[in-house]
Amino acid sequence: MAAPTRTPRGTWIEAGLRALAAGGPGAVRVEPLAKTLGVTRGGFYWHFKDRGALLEEMLDTWERMSTDEVIERVETEGGDAREKVRRAGALTFSDTLLPIDLAVRAWARHDPPVAQRLRRVDNRRMDYARSLFSTFCTDQDEVEARSMLAFSLAVGKHFLAADHGTRTRADVLDAATGLLLA
């Protein structure tokens, strides 16, 4: 008789991140995750002490994916600094990472340790943006302003419901990005 297979730890974390993105931290519950994965909740406790341990590992995974892995990929794929800024934004706020990022931001508003983690992640992202902008901007005030505007645009565009007259949202975003990278 074959030994029973356990649902891998990473599968629980991925399911937790999907639940977080869909419904916030309150949606990350052991029983619903087990049901989604088609397993019993006993397997959860093989990997995690409790729900808090899962939440912590989810945040670790989000942080790694949205900083280390993004920066590594941008640097590996190369290009000039302007191309890297565009790629870093596209990867950081991709269809996969954006819903998680927005859920973590909402969560951080009510949970100081999560807010502290978000600050660390945002500081790493801003440091990377500064390093890229400083390759073609010599004025450090301008580097800081461009970094802040680029990051604000990347996060904030998801919260704006404004119309743009005869222009499409994509056209306006391309124009704004062009101004930042000029």
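The secondary structure of the protein comprises 9 helices and 0 strands, where helices (H or I, at least four residues) and strands (E, at least two) are DSSP runs numbered from the N terminus. Read along the sequence, this gives the pattern α-α-α-α-α-α-α-α-α. The model is a predicted one, in which local features need pLDDT of at least 70 and side-chain atom pairs count only at pLDDT 80 or more, whereas totals for chains, interfaces and linings use all residues. Residues are numbered from 1 along each chain as its sequence is written, and side-chain values use heavy atoms, with hydrogens and water left out.

Along its principal axes, the C-alpha trace of the protein spans about 65 × 35 × 35 Å. The protein has 182 residues, of which 36% count as buried; buried denotes under 20% relative accessible area, exposed over 50%, and partly exposed the range in between (1.4 Å probe, protein chains only). Ile-100, located in helix H6 (residues 97-108), counts as buried because its relative accessibility is 7%. Between Ile-100 and Asp-139 the separation is 39 residues in sequence and 34 Å in space, C-alpha to C-alpha.

Pockets were identified on a 1 Å grid over the protein atoms alone, a pocket being an open set of points with protein on both sides within 12 Å along at least five of seven lines, and lining residues having an atom within 4 Å of a point. The largest pocket has a volume of about 540 Å³, the volume being the space filled by probe spheres set on the points, with grid points joined across faces, edges and corners. Its lining consists of 26 residues, and Val-85, Ala-88, Gly-89, Ala-150 and Ala-154 lie nearest the centre of the pocket. At least two lining residues are supplied by each of helix H4 (51-77), helix H5 (81-92), helix H7 (112-133), helix H8 (140-156) and helix H9 (169-180). H5 gives the most to this lining, with 6 residues. By class, the lining of the largest pocket has 16 nonpolar, 6 polar and 4 charged residues; Ala, Val, Leu, Ile, Met, Phe, Trp, Tyr, Cys and Pro count as nonpolar, Asp, Glu, Lys and Arg as charged, and the others, Gly among them, as polar.

A search of the whole structure finds 5 aromatic pairs, rings of Phe, Tyr and Trp (its six-membered ring) being paired if their centres lie within 6.5 Å, with planes under 30 degrees apart counted as stacked, over 60 as edge-to-face and the rest as tilted. Phe-44 and Tyr-45 form an edge-to-face pair, at 4.9 Å centre to centre and 85° between the planes. Phe-44 counts as buried because its relative accessibility is 0%, whereas Tyr-45, at 44%, counts as partly exposed. Both residues belong to one aromatic cluster formed by Trp-12, Phe-44, Tyr-45 and Phe-48. The charged end of Arg-9 sits over the ring of Phe-48, 4.7 Å from its centre; the criterion is NZ of Lys or CZ of Arg within 6 Å of the ring centre and within 35 degrees of the ring normal. Arg-82 likewise lies over the face of Phe-136, at 3.8 Å from the ring centre.

Side chains of opposite charge can pair when their charged atoms come close. The structure holds 18 salt bridges, each defined as a side-chain nitrogen of Lys or Arg within 4 Å of a carboxyl oxygen of Asp or Glu. One of them joins the side chains of Glu-57 and Arg-9 (2.6 Å, N to O). This pair links distant parts of the chain, with Glu-57 in helix H4 and Arg-9 in helix H1 (residues 9-23), 48 residues apart. Glu-57 is partly exposed, with a relative accessible area of 21%, and Arg-9 is partly exposed at 31%.

A further salt bridge is formed by Glu-69 and Arg-64 (3.2 Å, N to O); Glu-69 counts as partly exposed at 39% relative accessibility, and Arg-64 as partly exposed at 38%. The side chains of Asp-122 and Arg-125 also meet in a salt bridge (3.4 Å, N to O). About one helical turn separates Asp-122 and Arg-125, because they are 3 residues apart in helix H7. Asp-122 is buried, with a relative accessible area of 15%, and Arg-125 is buried at 10%.

Terms used:
On a 1 Å grid over the protein atoms alone, a cavity is a set of points where a 1.4 Å probe fits but cannot get out, and a pocket is an open set with protein on both sides within 12 Å along at least five of seven lines; lining residues have an atom within 4 Å of a point.
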